[in-house]
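Student: Please take a close look at the side chains in this structure, one part at a time. I am new to it and would like a connected account.

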Amino acid sequence: MHACPQCHGPLRLSELACDGCGLALRARFTRSRLARLDPGEQQLVEALLLAGGNLKALERELGVSYPTVRKRVGEARASLERLRREDERAIAAWLDQVERGELPADEAARMIGGLHGS
């Protein structure tokens, strides 16, 4: 789920929990760009990777026309480019907050790492 069911604003990850021992961590977590794609785009990217990047193979896998595959891949790419720009703005804002003493540097580093999937 990416959007609030009430106001449709973006949801942010704020807790991670262990099913084994019940330990819960609350913080401002970030997710990688791929994790922030909508579910359909995530499925498309997965299928594209499993097809070895071959759009003809993806066309056969999805059972849609080649132009449809190209359109959907182009839309997913545009989403990733938009998310990259958003990440660059967020990183700049976090670094400004660190500079002003409003955000600990280690927390900013963790959040930036989360955007890159680390």
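Tutor: This is a predicted model. Begin with Lys 56, whose charged end sits over the ring of Tyr 66, 4.7 Å from the ring's centre. Pairs between aromatic rings are another matter: a search of the whole structure finds zero of them.

Next come the cysteines. A disulfide is a covalent bond between the sulfur atoms of two cysteines. The count of disulfides here comes to zero. Cys 18 takes part in none, and its nearest cysteine sulfur, that of Cys 21, is 3.8 Å away.

Glu 41 is buried, yet no salt bridge is found for it. The nearest side chain of opposite charge is that of Arg 82, 5.6 Å away, whereas a salt bridge needs a side-chain nitrogen and a carboxyl oxygen within 4 Å. What is Glu 41 in contact with, leaving aside its neighbours within four places in sequence? With those set aside, Glu 41 is in contact with Glu 75, Ala 76 and Ser 79.

Notes:
Residues numbered from 1 in each chain as written. Predicted model: local features only at pLDDT ≥ 70, side-chain atom pairs only at ≥ 80, totals over all residues. Heavy atoms only, no water. Phe/Tyr/Trp six-rings, centres within 6.5 Å; stacked < 30°, edge-to-face > 60°. Lys NZ or Arg CZ within 6 Å of the ring centre and 35° of its normal. Disulfide = S-S within 2.5 Å. Buried < 20%, exposed > 50% of the residue type's maximum accessible area, 1.4 Å probe, protein only. Lys, Arg positive; Asp, Glu negative; His and termini not counted. Contact = heavy atoms within 4.5 Å.
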